[in-house]
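Dear colleague,

I am handing over the structure below for your files.

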Amino acid sequence: MIDHFRYIWQQLIVSALIILTGLLLIVYTPFDLPPVHFVVIVVVMTLITIFSFLIIARSIIKSNKDGLIYMFAGIGLKFFLYLLFILIYWIVTKNISKPFFIVFFLLYLIFTFLMFRSLNKLLRMK
C-alpha cells in the first residue's frame, strides 16, 4: 500500500513539473494550444493514469487468474477513458488541432512509461 501512495505522489510531482514546463513552453513559443487546455489535458491524463495504476496494481496482489482479469480491465479502462476524453474534448472545443494531438501523445507516452516502470518495481518486489 505504501508503494501505491509513493506512485501517486511521484505522479503528482511529475504532473506539476510537466504543467510548469509546458506552460513556459506554450507562453514563449508560437504554440496554438491555449494554456488552460494544456492544464486540463495534463490533469485529466494524470487522473486516468492513477486510476488505471490502482486497478492494475491490484492485479499483482491477486492470484494468476483473477490478476489477469484485473490487468486487462485496467488496460482496457485506461484506453476507453482516453478515448472518452478525446471525444468530450472534441465536443466541447469543436476543434481538435495538431498541437492537441502532439501534446496528447507525448503525455500518453510519458505517463505510460512512468506507470509501467512503477508496475515493474512492484512485480520485482513480489
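**Findings**

The protein chain has four helices and zero strands; helices (H or I, at least four residues) and strands (E, at least two) are DSSP runs, numbered from the N terminus. This is a predicted model, in which local features need pLDDT of at least 70 and side-chain atom pairs count only at pLDDT 80 or more, while totals for chains, interfaces and linings use all residues. Residues are numbered from 1 along each chain as its sequence is written, and side-chain values use heavy atoms, with hydrogens and water left out.

Along the principal axes, the C-alpha atoms of the protein chain fill a box of roughly 50 × 25 × 15 Å. Of its 126 residues, 34% count as buried (under 20% relative accessible area, with exposed over 50% and partly exposed in between; 1.4 Å probe, protein chains only).

Helix H4 covers residues 98-125 and reaches 41 Å from its first C-alpha to its last, close to the 40 Å expected (1.5 Å times one less than its number of residues). The buried residues of H4 include Phe 100, Val 103, Phe 111 and Thr 112.

Why does Thr 112 count as buried? Thr 112 counts as buried because its relative accessible area is 13%. The side chain of Thr 112 also makes a polar contact with the side chain of Lys 78, at 3.0 Å (a pair of N or O atoms within 3.5 Å; within protein, one must be able to donate a hydrogen and the other to accept it, and residues adjacent in sequence count only if both atoms are side-chain atoms).

With kind regards
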